[in-house]
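Have the structure open as you read.

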Amino acid sequence: MITLDQRVIDCALCWHQLQQPVWLCTVLHTYGSSPRAPGTMMTINIQGEHCGSLSGGCIEEDFLQQLASGAYRDSSQIVRYGEGGLRPNVALPCGGSVDVLIEYLPADPESYALLTAMQTALIGKQHLVKNVQLGQRAAWEIVSTAHVLPALSHQQNQVVIPVGAVPQLLIAGYSVVAFECIRLALILGFRITVCEHRPEQLAETERHFGAEYHVTIVPQHPAKWLENHEISSKVAILSLTHDPRIDELTMMEAVNTPAFYLGVMGSVKNSAKRRQRLVEIGGLSEEELTRIQAPVGIRIGSKTPAEIALSVMADVVRVKNL
């Protein structure tokens, strides 16, 4: 499973390899209501085929018409759609306006290098920062995945776009609910690590999520792995096994990290007992306990593993987007 951004860049690369120029569009800023968030991308080829979306369809239609008339041949430019913009006649379906960076990428080695680097960044293997001086082609640099990326911004004629700030999910121990969480997280674009030391569950994880899923499977107890690895604030940690030897030991280590989300599955009654054990045995403070979402997930009356996973991942996304 790949994200929409990955599909956009994959399409751009495919057209590039057919020796076609492509246009790469990125939402920079929205004013009022807008159907797409900053950072959203769309790519278009010379035949008018496109992948991705910038709106509910109105921007795309106008863009293709402008493209056919010979517009947007500069290396880079910004167009504002909606009220007060260069295309004020194009009304967004929910009102407001949106600024779009349009980059023209001819079929040459420089474009190929940029698109390939973006493709690698979007699967979480590296980070990349694009710097665009309007009217010119993008300059870009690869940065370490441990590096804190700058925010997307544009001031006057300078645009900065971070690429590859992929949210990460650590699954501490495999279970049927973990299986469903992994599937949802893949759709949502998370980079996933599963720590599983139990032979039977490890084999099941490997059977369901091979290399094509881009899931990292670590044959180690999650608490031990956390003890020996640095965790960033882009990580959510979920322990969904109902086994205190996994769930509680994991949380004892997880509270020492800057992870943006910590969650443990269990009923209200079992969660209260776990909380008591974490205080009495683990020595966790009240502040550390408040970081742990237990019971985990948004209350939607979920019963099945898939429904529980939906409630869990919805809450993870909610916190990620705060």
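What follows covers the helix pairs, then the pocket.

This is a predicted model, where local features need pLDDT of at least 70, side-chain atom pairs count only at pLDDT 80 or more, and totals for chains, interfaces and linings use all residues. Residues are numbered from 1 along each chain as its sequence is written, and side-chain values use heavy atoms, leaving out hydrogens and water.

| Helix pair | Crossing angle | Axis distance |
|---|---|---|
| α4 (residues 176-188) and α10 (residues 305-320) | about 50° | 8 Å |
| α7 (residues 244-254) and α8 (residues 268-280) | roughly 55° | within 11 Å |

Helices here are DSSP runs (H or I, at least four residues), numbered from the N terminus. Axes are lines fitted to C-alpha atoms over the stretch in contact, with angles from 0 to 180 degrees between N-to-C directions.

Take α4 and α10. In α4, the residues that meet α10 include V176, L184 and L188, and their partners include P305, M313 and V317 (contact means heavy atoms within 4.5 Å). By class, this contact has 14 nonpolar, no polar and one charged. Ala, Val, Leu, Ile, Met, Phe, Trp, Tyr, Cys and Pro count as nonpolar, Asp, Glu, Lys and Arg as charged, and the others, Gly among them, as polar.

Now for α7 and α8. P244, D247, E248 and M252 of α7 touch R274, R277 and L278 of α8. That contact splits into three nonpolar, no polar and four charged residues.

Finally, what lines the second largest pocket? Its lining has seven nonpolar, six polar and two charged residues.

Technical notes
Helices (H or I, at least four residues) and strands (E, at least two) are DSSP runs, numbered from the N terminus.
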